[in-house]
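Please open the structure in your viewer and keep the selection tool at hand.

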Amino acid sequence: MSETEPVPVAAAEALNITDSNGTQALNASAKFVATPEGTALAYGSLVFMALLPIFFGALRSVTCSKSKELGENDYDSGFRNASDMPETITGRDAARFPIIASCTLFGLYLFFKVFSQEYINLLLSVYFFGLGVLALSHTMSPLMSRIFPESFSNKQYQLLFTQGAEETKEEIVNYEFDTKNLVCLLISSVVGVWYLLKKHWIANNLFGLAFALNGVELLHLNNVSTGCILLGGLFVYDVFWVFGTNVMVTVAKSFEAPIKLVFPQDLLERGLEASNFAMLGLGDIVIPGIFIALLLRFDVSLKKNSRTYFYSSFLAYIFGLGLTIFIMHTFKHAQPALLYLVPACVGFPVIVALIKGELTEMFRYEETPPELADGKEDSESEKKKDQ
């Protein structure tokens, strides 16, 4: 995909796996046998956490889409910087993404085999600290706008870096922010320091949820066909790397970064210091999530005051994830969640479209990338001038 794609999404997809014992291999303590209550609490919490970024990220993606259509400077949604604008995934991007994810995954596997795991994770911790602070700050921003009273003095700031003289001056960085953004950044930095020093699972999940929500919000599939290509390719990728090799499981258990959601199965026995985790890779949230968000925007485009395709795909995701957990718990083996999520998330909406007679309309729905949309507007304005 393009250079502006959120980095954690590619890394998370490289570790796209659901495991019932995500960090146990890293612990020197004796094996802990989870109670049925602890297991149910862990799995239920993972499902609930997975649904949050999909639901709210999809809703926020609609706002993103409107800002893209009306223009960055004409829509009062807080999207004042290029980094806050949605990134459109085309069919070409979708086709090569499984290859990129495979190369990333195998590269990480070789790194962990050749270099010390401790130093690699130290570098990754610092890297994801910066990304996590920015992602969490962006996630909190709309909430802060509602919390602060209208009387609050919200000053505007601009960070501008340029190079060259007056005639050849070129902008390198042009970032606008306000006092509320600074408060969000401060709170996010506290969480970041907590994660950096303690690697606590709650801090990990706060960053993970922020990455997932930002991914669903800002990564836009341009049409349903592209979504099917992406999900189909990653379906094959996921099955191969989990069942065909031990690469994904090995990397997932060695990779200490907030690109997976975790929840302790021994929380009831050990409290917040619990250490026996069930985990869910962010790729299992973001990849189906951006497809579900696309269907919500398709619902909005129909202007029928209903969210049929969004709710059908959302329920399909719950069914697919529940099936993943059931099979994982039954066979006691890590599962490629997309093996169950892809058929559910694609199949349910397609069946609904067939029943409603809107299948053709669904596959014809198209979202134009901002750069192409600007080109079309320029050409149309030039035609009007010529006339």
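A residue is called buried when its relative accessible area is under 20%, exposed when that area is over 50%, and partly exposed in between. By this rule Asp 93, at 10% relative accessibility, counts as buried. The model on the screen is a predicted one.

**The whole chain**

Begin with the entire protein chain selected. Its secondary structure comes to 14 helices and 7 strands. The chain has 387 residues, of which 49% count as buried. Consider next the contacts between residues at least 6 apart in sequence: 77% of them join residues at least 24 apart.

**First stop: helix H3**

Select helix H3, residues 91-114, and display the side chains of Asp 93 and Arg 96. These two side chains form a salt bridge, with a distance of 3.3 Å from N to O. Where do Arg 96 and Asp 93 stand relative to one another in the helix? They are 3 residues apart in H3, so about one helical turn separates them.

With 40% relative accessibility, Leu 110 is partly exposed. Leu 110 and Val 247 are 137 residues apart along the chain, yet 9.4 Å separates their C-alpha atoms.

**Second stop: helices H4 and H5**

Select residues 117-147, which form helix H4, together with residues 179-198, which form helix H5. The two helices pack at an angle of about 140°, and their axes are 8 Å apart. An angle over 145 degrees would count as roughly antiparallel and one of 65 to 115 as roughly perpendicular; H4 is therefore oblique to H5. The crossing of these helices is right-handed.

To view the contact, display side chains on both helices. On H4, the residues involved include Phe 129, Val 133, Leu 136, Met 140 and Met 144. On H5, they include Lys 180, Cys 184, Ile 187, Val 191 and Leu 196. The contact of H4 with H5 comprises 13 nonpolar, 8 polar and 1 charged residues.

Select Asp 266 and Arg 270. Their side chains meet in a salt bridge, at 3.1 Å from N to O. Is Asp 266 buried or exposed? Asp 266 is buried, with a relative accessibility of 0%. Arg 270, for its part, is partly exposed at 39%.

Select helix H11, residues 308-331, and helix H12, residues 338-356. Their axes come within 8 Å of each other and cross at roughly 150°. The crossing of H11 and H12 is right-handed.

Among the residues of H11 that take part in the contact are Tyr 309, Ala 316, Phe 319, Leu 323 and Ile 327. Among those of H12 are Tyr 340, Ala 344, Phe 348, Val 352 and Lys 356. Sorted by class, this contact has 15 nonpolar, 5 polar and 1 charged residues.

Select Lys 303, in the loop between H10 and H11. Lys 303 is exposed, with 75% relative accessibility. Its phi is near 55°, a positive value in a residue other than glycine. Most residues other than glycine have a negative phi.

Then select Lys 332, in the loop between H11 and H12. Lys 332 also has a positive phi, of about 55°, although it is not a glycine. With a relative accessible area of 61%, Lys 332 is exposed.

Select Lys 304 and Glu 358. A salt bridge of 2.4 Å, N to O, links their side chains. Lys 304 lies in the loop between helix H10 and H11, and Glu 358 in the loop between H12 and helix H13, so the pair ties together parts that are 54 residues apart in sequence. Lys 304 is partly exposed, at 47%, while Glu 358 is buried, at 5%.

How many salt bridges are found in a search of the whole structure? The search finds 6, including the pair of Arg 96 and Asp 93 with which the stops began.

Definitions and conventions
Residues are numbered from 1 along each chain as its sequence is written. This is a predicted model: local features need pLDDT of at least 70, side-chain atom pairs count only at pLDDT 80 or more; totals for chains, interfaces and linings use all residues. Side-chain values use heavy atoms; hydrogens and water are left out. Axes are lines fitted to C-alpha atoms, for helices over the stretch in contact, and angles run from 0 to 180 degrees between N-to-C directions. Helices (H or I, at least four residues) and strands (E, at least two) are DSSP runs, numbered from the N terminus. Angles under 35 degrees count as roughly parallel, over 145 as roughly antiparallel, 65 to 115 as roughly perpendicular and the rest as oblique. A crossing is left-handed if the near helix is turned anticlockwise from the far one by less than a right angle, and right-handed if clockwise. Contact means heavy atoms within 4.5 Å. Ala, Val, Leu, Ile, Met, Phe, Trp, Tyr, Cys and Pro count as nonpolar, Asp, Glu, Lys and Arg as charged, and the others, Gly among them, as polar. A salt bridge is a side-chain nitrogen of Lys or Arg within 4 Å of a carboxyl oxygen of Asp or Glu. Buried means under 20% relative accessible area, exposed over 50%, partly exposed in between (1.4 Å probe, protein chains only).
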